Amino acid sequence: KFLALLATSMLAVPATSSAIVLDFETIGNFNPIGNFYSADGIVFSGDDVALEDAGDIGLFVGEPTPITAMFLLDPEEDSEYRATVTLDYSAGFTSVSFYYATLVEGSVADVYDGIGGTGTLIGTASLGPNQSTSCSFLLCDWTSTSVSFSGIARSIVFGGANGQIGFDDITLTPVPLPAAA
């Protein structure tokens with residue numbers, strides 16, 4: 001009886017899903033992120049580019065996972081351009097956190113329950129300037145943040161001034177897998 005009770009109780013435990021951490025390493029300098037994480041079911045679109053801190057422009061240092069970070073960047077536009085990047089994960093996620101670095105006001109991370117920044121806006125984070133004046137690079141200080149929301153999200157739209165905001169270690173908690181029957 002004990003073994004039957006134990007086996008029955010284990011069936012009710014939902015399977016867990018490990019967090020997915022997007023650190024942008026090995027993408028290469030000035031390369032779009034696009035389908036790089038498609039094996040995990042994640043696709044980027046928009047003004048997404050991976051930059052290395054040891055790259056051509058020396059834009060940043062101190063990112064949580066050296067040497068690459070994601071920047072909102074369209075090289076054809078100036079800093080007045082509002083760049084956006086959409087992260088889609090159709091399987092869904094229940095939480096998101098990341099590090100960011102920026103000099104300017106007005107950057108956001110909006111979380112939606114639909115793909116492509118569609119459906120209902122279920123969470124948002126305003127990302128204000130976080131840089132000290134004691135750094136010789138444009139961006140040196142990285143702030144950890146998360147976006148609070150209820151339900152299941154399927155996309156994040158990152159927005160900010162072109163070339164003025166970077167992200168690293170975007171961490172998604174996937175929707176738990178169904179329990180084994």
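# Burial, aromatic pairs and backbone features

Tyr37 counts as buried, because its relative accessibility is 8%. Here, buried means under 20% relative accessible area, exposed means over 50%, and partly exposed covers the values in between (1.4 Å probe, protein chains only). The structure is a predicted model, in which local features need pLDDT of at least 70 and side-chain atom pairs count only at pLDDT 80 or more, while totals for chains, interfaces and linings use all residues. Residues are numbered from 1 along each chain as its sequence is written, and side-chain values use heavy atoms, with hydrogens and water left out.

The protein has 181 residues, of which 43% count as buried. Its secondary structure consists of 1 helix and 10 strands. Helices (H or I, at least four residues) and strands (E, at least two) are DSSP runs, numbered from the N terminus. Read from the N terminus, the order of elements is α-β-β-β-β-β-β-β-β-β-β.

The aromatic side chains were examined next. The whole structure contains 11 aromatic pairs. In one of these, the ring centres of Phe24 and Phe44 are 6.0 Å apart and the planes stand at 70°, so the pair is edge-to-face. Rings of Phe, Tyr and Trp (its six-membered ring) are paired if their centres lie within 6.5 Å; planes under 30 degrees apart count as stacked, over 60 as edge-to-face and the rest as tilted. Phe24 belongs to the loop between strand S1 (20-22) and strand S2 (42-46), and Phe44 to strand S2, so the contact ties together parts that are 20 residues apart in sequence. Phe24 and Phe44 are both buried. The rings of Phe36 and Tyr37 also form an edge-to-face pair, because their centres are 5.0 Å apart and their planes meet at 85°. Phe36 has a relative accessible area of 38% and is therefore partly exposed, whereas Tyr37, at 8%, is buried. Phe24, Phe36, Tyr37 and Phe44 together make up one aromatic cluster.

Most residues other than glycine have a negative phi, and most peptide bonds are trans. Thr26, in the loop between S1 and S2, has a phi near 70°, a positive value in a residue other than glycine. This residue is exposed, because its relative accessibility is 70%. Phe30 is also found in the loop between S1 and S2, and its phi is positive as well, near 65°. With a relative accessible area of 38%, Phe30 is partly exposed. The peptide bond between Pro66 and Ile67 is cis, with omega at about 20°. Ile67 lies in the loop between strand S3 (48-52) and S4.

On the surface, Glu76, Glu77, Asp78 and Glu80 gather in a patch of negative charge. Patches are made of residues with over 30% relative accessible area and no salt bridge; like charges are joined within 9 Å, and nonpolar side chains (Val, Leu, Ile, Met, Phe, Trp, Tyr) within 5 Å. A salt bridge is a side-chain nitrogen of Lys or Arg within 4 Å of a carboxyl oxygen of Asp or Glu. Asp78 is placed in the loop between strand S4 (68-72) and strand S5 (82-102). Its relative accessible area is 47%, so Asp78 is partly exposed.

Several residues separated along the chain were compared by the distance between their C-alpha atoms. Leu51, in strand S3, is buried at 2% relative accessibility. Thr86 has a relative accessible area of 12% and is buried; its C-alpha atom is 8.6 Å from that of Asp47, 39 residues apart along the chain. Val96 is buried at 3% relative accessibility, and from C-alpha to C-alpha it is 9.2 Å from Phe149, at 53 residues apart in sequence. Pro176 lies in the segment after strand S10 (165-174) and is partly exposed at 46% relative accessibility. Its C-alpha atom is separated by 8.7 Å from that of Thr94, which is 82 residues apart from Pro176 along the chain.

Definitions and conventions
Areas by Shrake-Rupley, 256 points an atom, 1.4 Å probe, with all protein chains shown as cover. Lys, Arg positive; Asp, Glu negative; His and termini not counted. Charge placed at Lys NZ, Arg CZ, Asp CG, Glu CD.
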